[in-house]
Each structure stands twice: as C-alpha cells, then as structure tokens.
Amino acid sequence: MTMRAMVIAATGGPEVLTMAEVPKPKKVNAELLVKIVAAGINPIDAKTRAGGGVSAEIPSYPAILGRDFSGIVIESPFEACAIKPGDEIFGIIGVPRVAGTYAEYVAVPVMSVARKPPRLSHTEAAGVPLAALTAWGMVVDVAKAHEGQNILIHAGAGGVGHFAVQFAAYFGAHVIATGSQRNASWLRELGAAEVIDYTTTRFEEVLDHLDVVIDLVGNVHDDTGSRSLDVLRPGGLIINVPSGSWPTLLDDAEIAGVRATTYKVSDDGATLAVIARLLETGDVHVHVDEVFPLAEAAAAHQSLEGGHTRGKIVLTVSDLT
C-alpha cells in the first residue's frame, strides 16, 4: 500500500519538496502506526532540506522530512498497550534515521508519544513536540530554572523561544527576552518580565550579571552568541541550540569564565506528557502562526526561512484538524 508524502530527491531550495506516492510504513516491535492529521515544521527541517542540518545522515532518497506530528492511532504494538487504536496522540520521531512526518502515516515508538491534550486541535498539537521538548530540556533539565534566577532568552517569539519564555516564568525565573517591537507585548503576556527590542537596543549595553542565557540565534546574526558572554556573571551558563551557529562556543566561553553547552532534543514521550498537562490546564500555550496544506510544504519552508515567524508553522495532512 502507498501513501502521499512530501519528499526531497536531493537537497536544495524549497522547490525540491514535491508530492509523491511512497510505501506506507509498517510498524515493528514497540511501534504505533499513526494516521497523521497535522505535522509541525521546524528550522532543522529547512536546514536539512538545504543541505545542512542532519542531511549528511539521510540514508537514501527520496527522503521524508518532519519530526513533529499529531494524529490518530491506527495500530498498537500489542493488545494490552495503554495507547490503543483510535487514541489521539502527538509526538516526535527520529529523522533522518526513519522517514519523517510530512506524510499521511508514520510508524513511531510508543515511548516517543503522549496523549494529545483535549483542548488542543491537532493543528495546535503538531506545533508542540520538538520546540517544547527542546525548551524544556534547556530551561528545566539543564538550566534548572527557579525563583531568583535571571534568564535571558534570545528569539523569545520563535518556536522554541515562546515555550522557553513560558517554562522559565512558570518555574519562577526572572525572564528577559529579545524580540522585535511587534512581539513585545505578546512576550510579556507569555511571562517575560523584560523585553529588549534587538533592532534598537544592544542587549549587552543594558544587561549584566545574568545567570543563564538561552541562545537560539548563535553567531549567524550580529554575533549574538559572542555578545551574550558579556552579560553573564562569572560561572554563568550559556546554552546554544542552533546547529552550526557558533563553532567556537566552548573555547569562547572558557576564555570568558562562564559555562557553556549545546543542546540536542530527545524523543521523550514521558516529558511530553508533562508538557501536555500544562497545555491542558492553560499554564502553557502554543502559538501557531501559519497553517499550510501538505502540498504547500515548499511555501511553508519559504515562510519559515523568512525569519519572522511568531511561534510555529504547521502543515495540515488530513481534514480532521
């Protein structure tokens, strides 16, 4: 049997994303077969499509991108599994080791999913997993956000950033976010105590002695990463996320007398279930900026690469959104 999927036959611009009929996946071992209703788009998708990101590890072409999804379980791995056919779930998968979520179906390990929060549509839920798990890992697991801590979050209005602002504020930290004036009031609504307009203000001229910097930019724009070292207290921590955005991070941080680490997200369904509870109670929100049908994935990538997305961009795969 086959299914529709957006594939790439080679890396390149957004135009390399094309619709194709490909084999429908079959579940093995402790996997679920899921009918995808909506799929999230993330910067790593665009980087990989363009020849960066994890493109070097794509095992064969045509390849299917996409790590986020929300959908309906078609088959469970065994009869007594807690997640059963008909259940609505969302989750994350390990592209490029397996085929991605820009497709009608996906086979995914049961440990990489959680039940979709009932108050969220599939479109909203598809925008959550990778961004929220990345934000949680940085803010909660690594930075250990707590009351009395001062945390600067660069690109606070982006996909990962808008979750990082909310998680840091939820755990009591004093949150400072960089963003455009257009997003300033919205960032305050999310929990930022201060917002610095990066288009008019050099953040290192107004900040000092911070505990943590969540760097979602690196040195790909105006040396944001390197400039961030100047605002940390001695022994403070900088966490850099975008792959390849700051190759000299560790050496630069050592010279500056601060701690530094990169971060890579795990396909962690248990943590996603915790995040799902915060979404269901309304303590945390996901913002979907734009929605495109699956066939317009190229246009969605173009929009993402424009660099001004607030929150997330999502693809609708079926009409059950």
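Predicted model: local features only at pLDDT ≥ 70, side-chain atom pairs only at ≥ 80, totals over all residues.
Q: Let's take one. Which residue does glutamate 104 pair with?
A: Its partner is arginine 4, with an N to O distance of 3.3 Å. Look at where the two sit: arginine 4 is in strand S1 (residues 2-8), while glutamate 104 is in the loop between strand S5 (88-92) and strand S6 (105-109). They are 100 residues apart, so the pair links distant parts of the chain.

Q: Is glutamate 104 buried or exposed, and why?
A: Buried means under 20% relative accessible area. Glutamate 104 counts as buried because its value is 19%. Arginine 4 has 28%, so arginine 4 counts as partly exposed.

Q: What about glutamate 57: where is its partner in the chain?
A: Glutamate 57 and arginine 97 meet in a salt bridge at 3.8 Å, N to O. Glutamate 57 lies in the loop between helix H1 (43-49) and strand S4 (68-75), and arginine 97 is in the loop between S5 and S6, 40 residues apart. On accessibility, glutamate 57 is partly exposed at 43%, whereas arginine 97 is exposed at 64%.

Q: Which salt bridge does aspartate 222 make?
A: Aspartate 222 meets arginine 202, and the N to O distance is 2.6 Å. This one joins two loops: aspartate 222 sits between strand S11 (210-215) and helix H6 (224-228), and arginine 202 between strand S10 (194-197) and S11, 20 residues apart. Aspartate 222 is partly exposed, with a relative accessible area of 40%, and arginine 202 is partly exposed too, at 32%.

Q: Which residues are joined into one network through shared partners?
A: Arg202, Glu204, Asp222 and Arg227 are, by way of salt bridges that share partners.

Q: Leaving aside neighbours within four places in sequence, which residues are in contact with aspartate 87?
A: With those neighbours set aside, aspartate 87 is in contact with Gly71, Ile72, Val73, Ala82 and Arg115.

Note on methods:
Residues numbered from 1 in each chain as written. Heavy atoms only, no water. Salt bridge = Lys/Arg side-chain N within 4 Å of Asp/Glu carboxyl O. Helix = DSSP H or I, 4+ residues; strand = E, 2+ residues; numbered from the N terminus. Buried < 20%, exposed > 50% of the residue type's maximum accessible area, 1.4 Å probe, protein only. Contact = heavy atoms within 4.5 Å.
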